[in-house]
Amino acid sequence: SGGQVEIAANATHIATTNHEYLYIYTVNGNNVATIGGLDIFSQKVAITRDRVFYVDSTRLKVFDLNGVQQKILDLTSVINGPLACIEATEKRFYIVTYSSGVYYLHIFRRIVSRDKDGSILSDDYAFYKSVNLNANLSAVGTCAVDAAYMNRPQLP
């Protein structure tokens, strides 16, 4: 039925997609969670030390490492074409889209509050800006965040 496979990993877990599902595994291969009903055409996944990020059509869905959904963020105003990739860090969330022959990097601030043990108390996102990356990319369909930072050091 089509679809694609994406994968992201951290030191303890692996997140992958297949058809309309997101799977979360431990690095030992134990299935922790299977999340179904996702958009088969936007199967992009990213992971940080304690969150899994999945773009489902025009919504960012955030899960903990056990597959419990923590947040949904509407990306309708940002998604302007097919997704090339997504990436996440402790302080940022990135989406790269491709539209009319141009790649765009969309940057969100990620505001994470943690307790003294490092557990997340709150995790919020705020759109920061979009950057036209067309002049800096040559590989269609590959993730462009690293290239964007190498070629545009003025980005945050």
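Two strands pair if DSSP finds at least two bridges between them, and strands (E, at least two residues) are DSSP runs numbered from the N terminus, as are helices (H or I, at least four). The views below come from a predicted model, where local features need pLDDT of at least 70, side-chain atom pairs count only at pLDDT 80 or more, and totals for chains, interfaces and linings use all residues. Residues are numbered from 1 along each chain as its sequence is written, and side-chain values use heavy atoms, with hydrogens and water left out.

**View 1. Strands E6 and E7 pair in the antiparallel sense.**
Here 5 bridges link the two strands, and Phe53 stands opposite Val62 in E7. The hairpin has 2 residues between its strands, and Ser57 takes a positive phi near 65°.

**View 2. Strand E5 (residues 44-47) runs antiparallel to E6.**
The pair is joined by 4 bridges, with Lys44 partnered by Val55 in E6. This hairpin has 4 residues between E5 and E6.

**View 3. Strand E6 (residues 52-56) is mostly covered.**
Of its 5 residues, 5 are buried (under 20% relative accessible area, with a 1.4 Å probe and protein chains only). Val52, Tyr54 and Asp56 point one way, while Phe53 and Val55 point the other. In a regular strand the side chains alternate between the two faces of the sheet.

**View 4. Lys61 sits in strand E7 (residues 59-63).**
Have a look at how Lys61 is buried, at a relative accessible area of 11%. Its side chain and that of Asp56 are joined by a polar contact of 3.0 Å (a pair of N or O atoms within 3.5 Å; within protein, one must be able to donate a hydrogen and the other to accept it, and residues adjacent in sequence count only if both atoms are side-chain atoms).

Methods. Buried < 20%, exposed > 50% of the residue type's maximum accessible area, 1.4 Å probe, protein only.
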